[in-house]
Amino acid sequence: MATYPNGLRGRLVRPHEEPPSGRHLLGRVAFLDHHRPPAVRDGVADMGVHLARDESALVTEVWETDAPPTSGMYRDLVYAHDGEYLFCAGQIPEGGSYREPVREAYDAAFDLISELGYPHVIRIWHFINDINRANADGMEIYRDFCLGRAEAVDRRLGPAGEMPAATGIGSLGGGISWYLLTSRSGRVRHLENPLQVPAPSYPHRYGPRPPKFARATSLSPPGLDGAGDIFVAGTASILGHETVHEGDVAKQCDVTLANMAKVLSRENLLAHGIDDGRTLKDLRLVKVYLRHEEDLEAVRSACAEAFSDTAEIVYFTVDICRSDLLVEIEGIAPRPTA
Ligand SMILES: C=C(O[C@@H]1C=C(C(=O)O)C=C[C@H]1O)C(=O)O
């Protein structure tokens with residue numbers, strides 16, 4: 001623990017802001033108006049995701065650690081690791097079907113994780129261009145993606161293999177951009193939400209293979225066994241396995257926030273063996289995804305009320321994994337002592 005007094009921390013940096021100083025940069029994901037391939041740039045593992053429609057949405061997510069990282073390329077992935085944490089990012093070019101390339105990309109990441117020795121996956125993000133469009137075989141691209149992911153996960157972890165909190169959301173170009181964080185020896189626990197069917201158990205009507213992710217993941221750094229940082233997955237207006245409040249963004253936003261509050265609640269954490277409780281006011285690094293630009297003010301005011309004044313909140317207008325979802329939100333509740 002002494003080596004990692006602050007551990008892994010994510011921050012959002014706006015174009016006009018000073019880059020972070022004093023700590024080491026493990027990875028950098030820039031949300032841009034174009035995509036930028038994964039590479040080591042200025043010594044930092046870096047990738048650009050096409051998510052910004054205009055300059056107001058330009059923002060960079062940086063992951064800081066306490067030890068100097070080593071970075072490099074592995075197959076098509078860029079990575080960096082510092083002895084306790086690993087960041088890795090990749091892009092899968094646009095094509096007629098994503099099933100096979102997603103399987104290969106996941107395979108490469110699993111190989112990297114095991115070769116370098118960072119087996120505990122904390123969090124994964126996927127940004128999928130044309131997520132609701134049909135692929136060359138007529139299958140929705142999100143479902144095509146889920147198929148490749150499920151096959152890769154089955155092969156490596158078995159059908160019951162646990163996956164961490166994730167985001168699977170639209171983007172504006174560049175195929176699929178994805179990145180993940182893993183830990184060497186931290187304690188990683190995956191959490192579900194009693195209001196929602198676990199995504200890996202969604203029925204067949206949502207696609208041939210279900211999405212493999214948890215509703216949240218708790219990361220306790222080495223030496224600290226209590227509650228850790230809680231990474232809340234991309235969350236939407238889904239109860240059980242069904243979308244609720246089709247066409248009503250305000251109500252979808254309320255259900256989304258209630259789902260996030262439930263995952264973080266003391267009752268839910270205790271049910272997962274974690275003696276702690278968090279609220280929406282503890283969330284930081286909040287990303288809000290909207291299907292329609294015109295919903296921004298309604299969603300912004302709901303979020304301003306729900307989250308802390310000091311939370312960093314960014315808004316992106318992109319498609320969402322189900323065509324009836326209008327809003328999706330994710331965030332991180334850091335451990336209180338940090
Ligand atoms: C919104 C949902 O799923 C979305 C898709 C995910 C994925 O496929 O990795 C993860 C979280 C969300 O971004 C949901 O099913 O509740």
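Start with Phe127, which touches Phe31, Val49, Leu51, Ile169, Gly170, Ser171, Gly175, Ile176, Ser177, Tyr179 and Tyr289, leaving out residues up to four places away in sequence; contact here means heavy atoms within 4.5 Å. Keep in mind that this is a predicted model, where local features need pLDDT of at least 70, side-chain atom pairs count only at pLDDT 80 or more, and totals for chains, interfaces and linings use all residues. Residues are numbered from 1 along each chain as its sequence is written, and side-chain values use heavy atoms, with hydrogens and water left out.

Phe127 belongs to the largest nonpolar core, a set of 76 residues in which Phe31, Trp63, Phe87, Tyr106, Phe127, Trp178 and Tyr179 touch the most other members. Such a core is a set of buried Ala, Val, Leu, Ile, Met, Phe, Trp, Tyr and Cys residues joined through side-chain atoms within 4.5 Å, and buried means under 20% relative accessible area, with exposed over 50% and partly exposed in between (1.4 Å probe, protein chains only). The top contributor to this core is helix H1, residues 99-116, with eight residues. Helices (H or I, at least four residues) and strands (E, at least two) are DSSP runs, numbered from the N terminus. There is also a second, separate core of 31 residues, including Leu296 and Phe307.

Now follow H1 to its partner, helix H2 (residues 141-157): the two axes come within 8 Å and cross at roughly 35°. Those axes are lines fitted to C-alpha atoms, for helices over the stretch in contact, and angles run from 0 to 180 degrees between N-to-C directions. By class, the contact of H1 with H2 has eight nonpolar, one polar and nine charged residues. In that tally Ala, Val, Leu, Ile, Met, Phe, Trp, Tyr, Cys and Pro are nonpolar, Asp, Glu, Lys and Arg are charged, and the others, Gly among them, are polar.

Arg103 sits in H1 and counts as buried because its relative accessible area is 16%. Setting aside neighbours within four places in sequence, Arg103 contacts Gly148, Glu151, Ala152 and Arg155. Arg103 and Arg155 are 52 residues apart along the chain, yet their C-alpha atoms are separated by 9.6 Å. Over in H2 you'll find Glu151, which is buried too, since its relative accessibility is 17%. With neighbours within four places again left aside, Glu151 contacts Arg99, Arg103 and Arg209.
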